[in-house]
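Please look over the sequence and the structure shown here before reading on. The briefing is arranged by topic, so that each point can be checked against the coordinates on screen.

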Amino acid sequence: ECTAPLPIFDHIRQNASGLVEMKLARYGIGDKATVALGAFLSQCPLKVNSLEVSENSIHNRGMAVLLSAVGRHQMMRVLDVSHNSIKWSASVALSRLFTQVEPVKLVELKLSGCKMGDKNLSLVSQAILNCTTLTTLHVNDNNLTKCGSSIAALLSLHDGLTDVDLSWNRF
């Protein structure tokens, strides 16, 4: 059985192509509801194309569960988790999206203000090398200082990235 908290359904839409767009930015869902949303996405056969959960006070545990669930949605093209917290376990789950047997073919990945730091972003940037469909990557305001070489390698090897935001970091 597939159930989700009812108010969330107000923010789920089917686009003209029959794909699902979940626009939950600034919805205040927090960790507990994010874990429930992750469980919902893991079980339901929705063809999710876009998931926007920016500014929802989601921390590492909730984000790791949600990102693990995203890996089951091969039609996902837009993922915006900006202004939440991504630490090690969530970074590992995010990296797996690009390295699993059937990787998710994201076009847009927005990680602005996620407090990732150098270690976590280096892990993710290595995995992103496998995602040739990615054109937009926003990693601004992530406390980055020493991972400039990882990002430089990503940019030199990934010529499809045309919209990259690295602002508000200190390289």
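This is a predicted model: local features need pLDDT of at least 70, side-chain atom pairs count only at pLDDT 80 or more; totals for chains, interfaces and linings use all residues.

- Side chains of opposite charge can pair when their charged atoms come close.
- E52 and K23 form a salt bridge in which the closest N and O atoms are 3.4 Å apart. This pair links distant parts of the chain, with E52 in strand β3 (residues 48-52) and K23 in strand β2 (residues 20-23), 29 residues apart.
- K23 counts as partly exposed because its relative accessibility is 42%, which falls between the limits of 20% for buried and 50% for exposed.
- A salt bridge also joins R26 to E55, and here the closest N and O atoms are 3.6 Å apart. R26 belongs to the loop between β2 and α2 (30-43), whereas E55 belongs to the loop between β3 and α3 (60-70), so that this pair, 29 residues apart, likewise links distant parts of the chain.
- The two partners fall into separate accessibility classes: R26 counts as exposed because its relative accessibility is 58%, while E55, with a relative accessible area of 39%, is partly exposed.
- E108 forms a salt bridge with K110, with 3.6 Å between the closest N and O atoms. E108 is partly exposed at 26% relative accessibility, and K110 is also partly exposed, at 23%.

- H83 is not a glycine, yet it has a positive phi of about 60 degrees. This residue is found in the loop between β4 (78-80) and α4 (88-99), and with a relative accessibility of 40% H83 counts as partly exposed.
- W168, again a residue other than glycine, has a positive phi near 60 degrees. W168 is placed in the segment after β7 (163-165), and it counts as exposed because its relative accessibility is 75%, over the limit of 50%.

- T136 lies in strand β6, which covers residues 136-138. With a relative accessible area of 8%, T136 is buried, because buried means under 20%.
- When neighbours within four places in sequence are left aside, the contacts of T136 are V107, E108, L109, K110, L161 and D163. Two of these contacts, E108 and K110, are the residues that form a salt bridge with each other.

**Helices α5 and α6**

- Helix α5 (residues 117-128) and helix α6 (residues 148-157) have axes that come within 9 Å and cross at roughly 15 degrees. The two helices are therefore roughly parallel, since an angle under 35 degrees counts as such.
- The crossing of α5 and α6 is left-handed.
- On the α5 side, L121, S122, S125 and I128 take part in the contact, and they meet S150, I151 and L154 of α6. Sorted by class, the contact of α5 with α6 has 4 nonpolar and 3 polar residues, with no charged residues.

Definitions and conventions. Residues are numbered from 1 along each chain as its sequence is written. Side-chain values use heavy atoms; hydrogens and water are left out. A salt bridge is a side-chain nitrogen of Lys or Arg within 4 Å of a carboxyl oxygen of Asp or Glu. Helices (H or I, at least four residues) and strands (E, at least two) are DSSP runs, numbered from the N terminus. Buried means under 20% relative accessible area, exposed over 50%, partly exposed in between (1.4 Å probe, protein chains only). Contact means heavy atoms within 4.5 Å. Axes are lines fitted to C-alpha atoms, for helices over the stretch in contact, and angles run from 0 to 180 degrees between N-to-C directions. Angles under 35 degrees count as roughly parallel, over 145 as roughly antiparallel, 65 to 115 as roughly perpendicular and the rest as oblique. A crossing is left-handed if the near helix is turned anticlockwise from the far one by less than a right angle, and right-handed if clockwise. Ala, Val, Leu, Ile, Met, Phe, Trp, Tyr, Cys and Pro count as nonpolar, Asp, Glu, Lys and Arg as charged, and the others, Gly among them, as polar.
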